[in-house]
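Open the structure in your viewer and keep the sequence beside it. Each stop below says what to select and then what is there.

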Amino acid sequence: QIDVGALRGAVAMAPRRAIMHLTAKGSKSGGVKTSVDGELPLGILRSVIDETLATLPGQDDLVELDFLGDSRPPIRISRYRYDQLARDGAIVRWHPDSGTSGIAPVARMILDPRHEHALEPDRNGTWRLPDDCRGPCLVYLRDGVDVVSRPVPVIQPGLPDAYAGVLVSALTIPDYEERQRAVAQAIARLGRGEAGAGDLQWLRDAAINLNGLPANAFDALKLLPSSAETLISLLLSARDAGERGAIWALQNELPFLWLALPLRAWWSAMDRQCDALADAMTSVLGKEKAMNEVVGWLRGLCSELTALEPALEAAFITAGLPIGPTTHAPSLRDLTNGYIRDQHHRGGDAVNDLAARLAETGLKLPAEIEEKSHTYFAGLFAPLLLAACAREKLALDRELALIARRTLREDPLYVSAVWRHLVTFYGST
């Protein structure tokens, strides 16, 4: 078993041409197959492994890599190199050796997730959290850019006062099950616009300061996909392009995809943000000037979001938002023909039954896809899956989500362009 960080520099070797299969441990379907003839640097599989882990709920979930027809057990790939550090109350035990050069134990306050704090060595392999750390903390080993041990919770005296809110209060609940329920309720309240600014600020600061710490190490980020409107509100709260990019990248770690979020959630979150902005400005600028300012802000926001994902232009047009001149898109038939041509040169996919599965759900397929040789090109369906979810006609299971993620990684321009067509198609069927 190895961790994802150890893939750098690792090489898979096959004495003859072989098929390597990568899938979630215990999965009976899905996964990615690639041909190996000689050496294959495993580092190039990092994105595939990350997207597989993103569909799995637990920090201890594994990805398996094996060669078809090989009797040896598969290689198991984990998020972490080491188990949780042992602790005795607030004292953490870790004995560095010659093989752990550059690795150091650090702590991060859950209630103030902006910074990491180096642990202080005590004696005989014991370490203490610095006095600056207060309340519940996560302690783990860091090796450069990688977090290499599963975080262990450590409770310190006192509480930091950086944030306040219902969500922040829920994070202090000691009982796990009770805390999960309270956090989920607080996230739902945020999506309805019923929580304070402190909760949204905490989510934003946690998301943009992960620095290699998996997002699901935080209860609140792990449960964030349960509320589409909270996700979108978090994205809208970004103060600059860097923050917005970091929040957008959460889809690479958590089980959601931005293009699969319901359109009504986008419209609702943006409408609520506009109302709040207008209310704040009206008393100072007057109603007319305030509305002009809001329209200008909204136009700028739409521009920034379409820079991240051009397909969102179609969602904003559908909502009647002021996005300015629209870009020309090729026809759906030209796009699907082009995708099949490109995939044919790459070797195509394994045979799939996606059309039949989707037909069982009652989902209508556009002729431009239904009439194609879709059984050999699973990625052809990726924008369809996302658009149908956005129109709330489909829910992605883990296998369908992996198809969408893989195609987004391999051919984002195809997904983006076709999603624009299909989000309109499923709005009229």
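Helices (H or I, at least four residues) and strands (E, at least two) are DSSP runs, numbered from the N terminus. This is a predicted model, in which local features need pLDDT of at least 70 and side-chain atom pairs count only at pLDDT 80 or more, while totals for chains, interfaces and linings use all residues. Residues are numbered from 1 along each chain as its sequence is written, and side-chain values use heavy atoms, with hydrogens and water left out.

**Stop 1: two loops**

Select N211, which lies in the loop between helix 4 and helix 5. N211 is not a glycine, yet its phi is positive, about 50°.

Now select N216, in the loop between helix 4 and helix 5 (219-222). Is N216 buried or exposed? Buried means under 20% relative accessible area, exposed over 50%, and partly exposed in between (1.4 Å probe, protein chains only). N216 has 7% relative accessibility, so it counts as buried. To see what surrounds N216, show its contacts, meaning heavy atoms within 4.5 Å. Not counting residues up to four places away in sequence, N216 touches P57, G58, Q59, R79, K222 and L254.

For another loop, go to N124, between strand 10 (120-121) and strand 11 (126-128). The phi of N124 is near 55°, a positive value in a residue other than glycine. N124 has a relative accessible area of 66%, so it is exposed.

**Stop 2: strands**

Select strand 2 (11-24) and strand 3 (32-41). Two strands pair if DSSP finds at least two bridges between them. Strand 2 and strand 3 run antiparallel and are joined by nine bridges. Find L22, which stands opposite V32 in strand 3.

M20 has F67 in strand 4 as its bridge partner.

Next, look for an open sheet of four strands, in the order 6-7-11-10, with antiparallel pairing. Which strands are at the edges? They are strand 6 (86-88) and strand 10, each of which pairs on one side only. Strand 7 (residues 91-93) and strand 11 are joined antiparallel by three bridges. Within this pair, V92 is opposite W127 in strand 11.

**Stop 3: helix 1**

Select helix 1, residues 46-54. Its buried residues are V48, I49, E51, T52, L53 and A54.

**Stop 4: helix 7**

Select helix 7, residues 241-248, and colour E243, R244, I247 and W248, which are buried. These four cover an arc of only 135° around the axis (taken from the directions from the helix axis to the C-beta atoms), which puts them on the same side of helix 7. An α-helix has 3.6 residues a turn, so residues three or four places apart point the same way. On the other side of helix 7, A241 and G242 are exposed.

What covers the buried residues of helix 7? The cover includes helix 4 (197-208), helix 6 (228-236), helix 8 (263-285), helix 9 (287-308) and helix 10 (312-318).

**Stop 5: the nonpolar cores**

A nonpolar core is a set of buried Ala, Val, Leu, Ile, Met, Phe, Trp, Tyr and Cys residues joined through side-chain atoms within 4.5 Å. The largest one here has 101 residues, and W202, L250, W258, W266, L384 and W419 touch the most other members. Helix 14 (residues 382-390) gives the most to this core, with eight residues.

Centre the view on L384. Leaving aside neighbours within four places in sequence, L384 is in contact with L358, L363, L365, P366, I369, L422 and Y426. A second, separate core has 20 residues, including A24, V36, L53 and L56.

**Stop 6: cysteines**

How many disulfides are there? With a disulfide taken as a pair of cysteine sulfur atoms within 2.5 Å, the count comes to zero. Select C133: the nearest cysteine sulfur, that of C137, is 4.7 Å away. C133 counts as buried, at 2% relative accessibility. Finish at C274, where the nearest cysteine sulfur belongs to C302 and is 8.2 Å away. C274 also counts as buried, at 11% relative accessibility.
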